Amino acid sequence: MTEPTELTGELVHEFIDKIVVSAAHYLDGKRYQIIDIYYNDVGIIKPLYPEDMEADFQRHMAEKQQKKTA
C-alpha cells in the first residue's frame, strides 16, 4: 500500500521516530502550537503548510457531506 487512508498504530511505529509537541503560544487571540514529526528514513516528505492543511480539511468535509446526502 503506497497511499494509506488512515493512520494506524502500526504505521506510526513503522514510519515515525518521534513527535515533539511544543508549548502553545497565543497571537491575536488565536492559539498556535508547533508539532514536529521526525520520520524514520522514508524519503522526502512534502511539508504541510497551514493553507494545504485547511484545503485538505475542507475537501474532506465536502466529501463527508456528499456521502451523507447520497
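Here is a friendly conversation about a predicted model.

Colleague: Before we start, how are residues numbered, and what pLDDT do local features need?
Modeller: Residues are numbered from 1 along each chain as its sequence is written, and side-chain values use heavy atoms, with hydrogens and water left out. In this predicted model, side-chain atom pairs count only at pLDDT 80 or more, totals for chains, interfaces and linings use all residues, and local features need pLDDT of at least 70.

Colleague: What is the relative accessible area of Y39?
Modeller: Y39 lies in strand β4 and belongs to the nonpolar patch. Areas come from the Shrake-Rupley method with a 1.4 Å probe, and for residues only the protein chains shown count as cover. Buried means under 20% relative accessible area, exposed over 50%, and partly exposed in between (1.4 Å probe, protein chains only). Y39 is partly exposed, because its value is 39%.

Colleague: Which side chains meet in a salt bridge?
Modeller: A salt bridge is a side-chain nitrogen of Lys or Arg within 4 Å of a carboxyl oxygen of Asp or Glu, and the structure holds one. Its N to O distance is 2.3 Å, and the side chains are those of D56 and R59.

Colleague: Where are D56 and R59 placed relative to each other?
Modeller: Both belong to helix α2 (residues 50-69). D56 is partly exposed at 40% relative accessibility, and R59 is partly exposed at 45%. Because they are three residues apart in the helix, their separation is about one helical turn.

Colleague: What is the phi of D28?
Modeller: D28 sits in the loop between β2 (25-27) and β3 (30-32), and it is exposed, at 75% relative accessible area. Most residues other than glycine have a negative phi. D28 has a positive value, near 55°.

Colleague: How far apart in space are M61 and Q33?
Modeller: M61 is in helix α2 and counts as partly exposed at 34% relative accessibility. M61 and Q33 are 28 residues apart in sequence, and their C-alpha to C-alpha distance is 23 Å.

Technical notes:
Patch = residues over 30% accessible without salt bridge, like charges linked within 9 Å, V, L, I, M, F, W, Y side chains within 5 Å. Helix = DSSP H or I, 4+ residues; strand = E, 2+ residues; numbered from the N terminus.
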